[in-house]
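Morning, everyone. Please have the sequence and the model open.

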Amino acid sequence: MTSPILLPPPNPVDESAYLSLRDLVAAGGVTALTGAGMSTASGIPDYRGPDGSRRVQPMQYAEFLASAENRRRYWARSYVGWARFRSAGPNDAHRAVAALQQAGCLEELITQNVDGLHQAAGSTDVIELHGNLTDIVCLNCEERFERGEVHRWIAEANPGFSADSDEIRPDGDIVLAAQDFADFRLARCVTCGSDLLKPDVVFFGGSVAKPLVEQAYRAVEAADALLVLGSSLQVMSGLRFVKRAHALGIPVAVVTRWPTRGDEWVTLRIDGLLQDVLPRLVEDCLPS
């Protein structure tokens, strides 16, 4: 079992910075970009520590493609982790974002998360940069399936399979010892018979589809401000939108714990917990 990461409590939110953020959001026309920090209060930890380095090493896309053994390892871990992952629900930060969007303060929402919790909280116009774990695609024939269906196939193929873990990761993965999945059997595509079934999410080492990137760029370019929530901006899939906003003179505000890779392009920054800051924005920006 992985030991919990114990982080020091955040410093009190700088009141002057908060008031500037309140005014920016209340003015409307804001596009939001969210990362793993949105879902930590839902029990889904992020990948990175305070220094931005990865705490865990996720499956790489090339690694997944390389062998059936690697795919067995991925799916065994994901199969066990899925039960805990799908039980996670929206937290106060997700609900606050949905409320701000419904009130017209936030416009489009770009997320790096694959958990679907923004939609579960009521958000609309969500651009899922990295996909969603509920969708499965066959990399051989491109047939698509619902995650629950594939989960059932795996259960039927592995009636004696038993493993458990208290860990969960942003992609629903967990850690299992090699002996825990030595006899694990992969589900196969019912259309072409391939074992190349994969959640339709961007693995590390993969790339976001160009049309999706262009859609997100348009959302940023049309905004009066970009609000980054819970992202360390360590990967270019999110950082590029901060750079684009800065290049166009669009203010960039960030609310997250710890420094980010994009701090040099940020106009306003608050080091705080989203579940503290965002519900307060709802109280201050929305009519009672």
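Start with helix H6, and what it touches. Its buried residues pack against helix H3 (68-85), strand S4 (131-138), strand S5 (144-146) and strand S6 (197-201). Contact here means heavy atoms within 4.5 Å. Helices (H or I, at least four residues) and strands (E, at least two) are DSSP runs, numbered from the N terminus.

Some ground rules. This is a predicted model: local features need pLDDT of at least 70, side-chain atom pairs count only at pLDDT 80 or more, and totals for chains, interfaces and linings use all residues. Residues are numbered from 1 along each chain as its sequence is written, and side-chain values use heavy atoms, with hydrogens and water left out.

Which residues of H6 (147-157) are buried? Arg147, Val150, His151, Trp153, Ile154 and Ala157. Buried means under 20% relative accessible area, with a 1.4 Å probe and protein chains only. Down the axis of H6, these buried residues fall within an arc of 160 degrees, so they line one face of the helix. The arc is taken from the directions from helix axis to C-beta atoms.

Now the sheet. It is open, with six strands in the order S3-S2-S1-S7-S8-S9 and parallel pairing. Two strands pair if DSSP finds at least two bridges between them. Strands S3 (126-128) and S9 (268-271) stand at the edges with a single partner strand each, so one side of each has no neighbour in the sheet.

Look inside the sheet. Four bridges join S7 (225-229) to S8 (252-256). Leu229 stands opposite Val255 in S8.

Conventions: Buried means under 20% relative accessible area, exposed over 50%, partly exposed in between (1.4 Å probe, protein chains only).
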